[in-house]
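These are my notes from an afternoon with one model. I wrote down what I looked up, entry by entry.

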Amino acid sequence: LSSPSSASFTYSCFLLAMSAFTARPTAKISAPRRSVRAVRTRAAATVGADFKPGVITGKEHLALLDHAQKNGYAIPAVNCTMSPIINCCMEAAKKANAPMIIQFSNGGGAYMTGKGTGAEATEAAVLGCVAGALHVRTIAKTYGVPIVLHTDHCAKKLLPWFDGLLEANEKYFAENGEPLFTSHMLDLSEEPMEENLEICAKYLERMAKINCFLEIEIGITGGEEDGVDNSDVAPEDLYSKPEEIHQVYKALNPIAPGMFSVAAAFGNVHGVYKPGNVKLTPEILKKGQEYVKAQENLDSDKPVKFVFHGGSGSSTEEIREAIGYGVVKMNIDTDTQWSFWDGVRAYESEKKGYLQGQIGNPDGEEVPNKKYYDPRVWIRSAENYTVDRLLKAYDDLNAIGALGK
């Protein structure tokens with residue numbers, strides 16, 4: 001392929017992704033005792049009349065974000081690197097009777113293509129994200145809740161990946177009347193503010209033509225995620241100013257009113273930390289909303305839709321305070337990585353005697369162990385633990401039963 005932006009490249013993405021979908025049976029197992037407390041939820045009800053089940057885009061996505069702001073909840077956005085994580089995200093959403101944002105990073109997309117691929121890095125990242133999106137679109141309706149398809153941080157050096165994704169969107173839009181993905185994120189926070197907004201405005205003009213939503217970042221989220229290390233940034237860069245939030249609004253709202261969100265920095269940090277070790281200042285978001293409202297002479301108290309990155313180590317009170325100031329989306333990655341592993345760890349610990357060979361276990365030297373080492377069984381344990389962790393996230397985000405609000 002000549003380049004990741006060629007038409008043949010995008011077409012090959014669809015061919016490869018569609019060929020990957022094959023049905024497989026599921027195995028029934030008794031889930032081991034879980035270390036993450038389960039949150040009591042009611043059974044999934046019929047999705048509200050305003051939101052169809054399955055992937056939503058355009059005006060329906062905007063309506064969902066408005067619904068979240070109005071009703072005081074935020075939607076979890078989970079970084080997915082494989083189909084089991086995708087599927088347990090939708091399972092958790094069904095149990096919570098709430099929407100879910102499934103998102104892919106550049107590295108996550110490449111992993112979904114496979115470590116053994118002959119594709120170069122950008123091509124692999126686009127292929128994996130497209131394959132993941134098509135997987136979601138194929139099965140999402142069966143979970144009965146609205147799903148948002150998103151891609152995570154795209155720094156300036158990764159713009160060829162972003163271009164490949166937009167081409168896939170444009171092809172899908174031409175054939176289906178909506179983009180393949182609901183939204184994408186540009187993270188140019190390490191660039192000068194003027195350059196950040198100039199590039200974002202250029203891309204938003206293109207995205208608006210296909211009803212695709214843009215998330216941008218200003219300030220810097222500390223810590224490390226997906227190979228991006230901001231552990232040593234200057235402390236002042238971890239906090240956005242009201243004037244900067246207004247700059248975003250002035251630059252983007254005239255292009256596509258309401259079709260963007262802002263990941264502003266208010267002390268949040270990627271990674272895992274004990275509660276109390278992350279010094280959040282959610283009031284920065286409140287001041288930003290007030291400043292934009294005053295400068296633009298608006299009626300709305302929350303003219304900006306905010307995104308919360310780096311939530312590990314944040315208390316429920318801090319999370320809900322941020323939601324009160326207009327946060328509609330919160331990213332989750334570190335905690336679900338742990339929950340997935342924790343489920344495997346617990347299963348191996350419980351069934352250890354049955355996992356030391358194909359034949360021979362505590363029940364007898366010649367007894368086979370296939371039903372114990374079948375990947376569907378121990379992966380299901382990982383899924384169960386991750387569903388539990390996501391239900392806790394829904395509870396923290398005040399989103400249990402969100403579709404009934």
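**Entry 1: the whole chain.** I began with burial: of the 405 residues in the protein, 54% are buried. The model is predicted, so I keep in mind that everything here is computed from it. I then looked up the secondary structure and found 13 helices and 13 strands. For contacts with a separation of 6 or more, I noted that 74% join residues 24 or more positions apart.

**Entry 2: the core.** I looked up the largest nonpolar core, which has 103 residues. Which of them touch the most other members? I listed Met100, Ile102, Val136, Phe162, Val248 and Tyr394. I picked Val248 to follow further. Leaving out residues up to four places away in sequence, Val248 touches Met193, Leu197, Ile216, Ile218, Asn253, Phe260 and Val262.

**Entry 3: a pair of helices.** A packed pair is described by the angle between the two axes and the distance between them. I looked up α4 (residues 106-113) and α5 (residues 121-139): the angle is about 80 degrees and the axes are 6 Å apart. Angles of 65 to 115 degrees count as roughly perpendicular, so α4 is roughly perpendicular to α5. On the α4 side I listed Asn106, Gly109, Ala110, Met112 and Thr113. They meet Ala124, Ala125, Leu127, Gly128, Cys129 and Gly132 of α5. Sorted by class, this contact has 6 nonpolar, 5 polar and no charged residues.

**Entry 4: Ala77.** Ala77 lies in strand β2, residues 75-79. Is Ala77 buried or exposed? Its relative accessibility is 0%, so Ala77 counts as buried. Beyond its neighbours within four places in sequence, Ala77 is in contact with Ile101, Gln103, Lys329, Met330, Asn331 and Ile332. I also noted the C-alpha distance from Ala77 to His309, which is 9.6 Å, though 232 residues separate the two along the chain.

**Entry 5: His153.** I found His153 in the loop between β4 (146-151) and α6. A relative accessible area of 15% is under the 20% cut-off, so His153 is buried. From His153 to Leu188 is 35 residues in sequence and 8.7 Å in space, C-alpha to C-alpha.

**Entry 6: two positive phi values.** Most residues other than glycine have a negative phi. Asn297 has a positive phi of about 55 degrees. Asn297 sits in the loop between α9 (283-296) and β10 (306-308), and at 69% relative accessibility Asn297 counts as exposed. Asn398 has a positive phi near 60 degrees. Asn398 lies in the segment after α13 (375-396). How accessible is Asn398? The value is 31%, so Asn398 counts as partly exposed.

Definitions and conventions
Residues are numbered from 1 along each chain as its sequence is written. This is a predicted model: local features need pLDDT of at least 70, side-chain atom pairs count only at pLDDT 80 or more; totals for chains, interfaces and linings use all residues. Side-chain values use heavy atoms; hydrogens and water are left out. Axes are lines fitted to C-alpha atoms, for helices over the stretch in contact, and angles run from 0 to 180 degrees between N-to-C directions. Helices (H or I, at least four residues) and strands (E, at least two) are DSSP runs, numbered from the N terminus. Angles under 35 degrees count as roughly parallel, over 145 as roughly antiparallel, 65 to 115 as roughly perpendicular and the rest as oblique. Contact means heavy atoms within 4.5 Å. Ala, Val, Leu, Ile, Met, Phe, Trp, Tyr, Cys and Pro count as nonpolar, Asp, Glu, Lys and Arg as charged, and the others, Gly among them, as polar. A nonpolar core is a set of buried Ala, Val, Leu, Ile, Met, Phe, Trp, Tyr and Cys residues joined through side-chain atoms within 4.5 Å. Buried means under 20% relative accessible area, exposed over 50%, partly exposed in between (1.4 Å probe, protein chains only).
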